[in-house]
Amino acid sequence: MRLHDVRTRRSADDFPRSEHFAWHIAEVAADPVAVPADTEAMVLNRIIDNAAVSSAAAIRRPVTAARAQALAHPVAVNGAKVFGVHGNYSAEWAAWANGVAVRELDFHDTFLAAEYSHPGDNIPALVAVAQQSGIGGADLIRGVATAYEIQIDLAKGICLHEHKIDHIAHLGPSVAAGIGTMLRLDTETIYQAVGQALHLTTATRQSRKGHISSWKAFAPAWAGKVGIEAVDRAMRGEGAPAPIWEGEDGVIAWLLSGPEHVYRVPLPEPGEPKRAILDSYTKEHSAEYQSQALIDLARRLQERIGDPDRVASIVLHTSHHTHYVIGTGSNDPQKFDPNASRETLDHSIMYIFAVALQDGAWHHERSYAPERARRPDTVALWQKISTREDPEWTRRYHSTDPAEQAFGGRAEITLRNGEVIVDEIAVADAHPLGARPFGRAQYVAKFLELSEEVVDAAERQRFLSVVQGLAEVRAGRLGALNIVIDPSVLALARTIPAGIFG
């Protein structure tokens with residue numbers, strides 16, 4: 001890997017395009033390097049993972065709304081597929097609908113470093129373009145490997161959240177780069193697409209603050225849709241603002257750390273395989289990633305505590321991010337509101353820890369049900385929980401050593417009789433270094449569990465067969481990656497009002 005120094009340049013500086021960071025990303029995307037076997041295997045795992053969570057979310061309101069928008073954009077031939085239904089649709093709208101389905105439950109993969117990311121958000125956009133473009137499985141795998149590489153490398157080197165910029169600003173460029181690899185575009189075209197995609201996906205983090213709405217699920221789908229459109233324009237010869245990161249009025253100068261700051265971002269050298277997907281990890285529980293390990297800790301502590309009514313107070317000592325984004329450091333009263341939205345409860349570690357401690361489990365629907373959030377004993381326990389930043393947990397969160405990196409914390413539970421119970425956990429059980437790391441069998445099991453009441457058995461097995469032989473799927477046959485759901489199941493979705501598109 002090569003570390004690139006990325007900083008603001010004055011318009012009067014001699015700064016050739018070949019030194020622009022977007023150009024370096026485009027060079028990585030255009031590099032025809034082979035995909036290693038372990039990278040390919042993990043790409044397949046994440047396609048299965050996305051299908052699992054999409055199945056579980058298929059009739060939820062945001063997914064139903066996005067699907068209705070997509071279905072208003074059919075194409076006669078050579079279109080993309082919308083999850084759950086037959087037909088051909090415009091790729092950017094299929095990516096939109098499928099991206100919302102993937103993101104709605106906050107239940108797929110994650111990578112955390114200087115910035116956070118859900119790199120599985122790249123997959124719906126790339127699959128949609130692959131289907132419409134008529135390419136084969138091997139090229140799709142190459143594109144997904146690039147998209148993960150770029151988003152994860154950006155997350156390693158450039159922090160967005162400290163400037164209240166949402167993490168989709170890394171997703172737009174990674175989608176554009178991944179599509180560039182997949183379609184075997186030249187460096188110039190990918191460079192322009194990356195610049196356009198970044199320019200159009202810089203949004204504030206209010207989508208994850210205060211009253212969190214369904215836009216949290218739509219935001220990555222928006223970035224995927226924008227990435228597709230950016231590539232389309234670039235292929236037609238249209239350009240982008242440049243240099244997009246380093247310009248005098250660019251992203252670093254005005255949205256991030258300013259003209260004096262130097263970001264150091266890793267990218268593969270020419271000929272170096274793209275392996276970043278192996279640094280990411282999926283979720284066993286449908287909740288913000290920083291809560292994954294703490295859910296496992298709560299489940300472990302349940303037996304030691306017994307009756308949760310014995311608890312006087314709980315303090316979770318954890319990282320800066322966990323404390324300030326999903327903990328009491330956020331100063332969000334909504335995180336203690338029994339009437340809060342599912343999206344808000346998903347970003348309240350106090351609520352999540354309380355429910356996991358009481359139930360000894362976590363469920364993507366039951367744990368968020370309004371009647372569950374309003375249960376008096378849950379509300380009482382919830383109010384007793386607080387978080388504190390611990391410098392050591394913050395240091396481990398940002399460690400670049402995988403063996404030391406940690407996303408958990410330490411729980412100090414004081415009982416009414418004065419007894420104090422202390423326990424800690426570094427990583428979630430499903431993490432590659434956790435107690436029960438996910439492999440292919442676990443991804444398949446997650447898919448079978450989440451799709452059981454949504455997709456019939458024959459369709460589930462057909463899909464798994466296609467994915468596990470993806471490298472051999474011939475050009476024009478990637479529509480087989482779509483899962484079709486019985487219309488009677490989709491009919492159970494709540495009726496939503498019509499919009500502009502019908």
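**Exercise 1.** Classify Arg 372 as buried or exposed in this predicted model, and describe the salt bridge that Arg 372 forms.

*Solution.* Step 1: the relative accessible area of Arg 372 is 8%. Buried means under 20%, so Arg 372 is buried.
Step 1: the salt-bridge partner of Arg 372 is Asp 359, with the closest N and O atoms 3.0 Å apart.
Step 2: Arg 372 belongs to helix H15 (residues 370-373) and Asp 359 to helix H14 (residues 349-359), so the pair links parts that are 13 residues apart in sequence.
Step 3: Asp 359 has a relative accessible area of 35% and is therefore partly exposed.

**Exercise 2.** Find the salt-bridge partner of Arg 205 and state which parts of the chain the pair ties together.

*Solution.* Step 1: Arg 205 pairs with Asp 166, and their closest N and O atoms are 3.9 Å apart. A salt bridge requires such atoms to lie within 4 Å, so this pair counts as one.
Step 1: Arg 205 sits in the loop between H8 and H9, while Asp 166 sits in the loop between helix H6 (137-157) and helix H7 (168-182). The pair therefore ties together parts that are 39 residues apart in sequence.
Step 2: both Arg 205 and Asp 166 are buried.

**Exercise 3.** Locate Ser 214 and list its contacts beyond four places in sequence.

*Solution.* Step 1: Ser 214 is in the loop between helix H8 (187-199) and helix H9 (215-235).
Step 1: its relative accessible area is 17%, so Ser 214 is buried.
Step 2: with neighbours within four places in sequence set aside, Ser 214 contacts Arg 61, Pro 62 and Glu 343.

**Exercise 4.** Name the surface patch that includes Glu 449, and classify that residue.

*Solution.* Step 1: Glu 449 gathers with Glu 365, Glu 452 and Glu 453 in a surface patch of negative charge.
Step 1: Glu 449 is part of helix H18 (residues 440-451).
Step 2: exposed means over 50% relative accessible area; Glu 449 has 57%, so this residue is exposed.

Terms used
Residues numbered from 1 in each chain as written. Predicted model: local features only at pLDDT ≥ 70, side-chain atom pairs only at ≥ 80, totals over all residues. Heavy atoms only, no water. Patch = residues over 30% accessible without salt bridge, like charges linked within 9 Å, V, L, I, M, F, W, Y side chains within 5 Å. Areas by Shrake-Rupley, 256 points an atom, 1.4 Å probe, with all protein chains shown as cover. Salt bridge = Lys/Arg side-chain N within 4 Å of Asp/Glu carboxyl O. Lys, Arg positive; Asp, Glu negative; His and termini not counted. Charge placed at Lys NZ, Arg CZ, Asp CG, Glu CD. Helix = DSSP H or I, 4+ residues; strand = E, 2+ residues; numbered from the N terminus. Buried < 20%, exposed > 50% of the residue type's maximum accessible area, 1.4 Å probe, protein only. Contact = heavy atoms within 4.5 Å.
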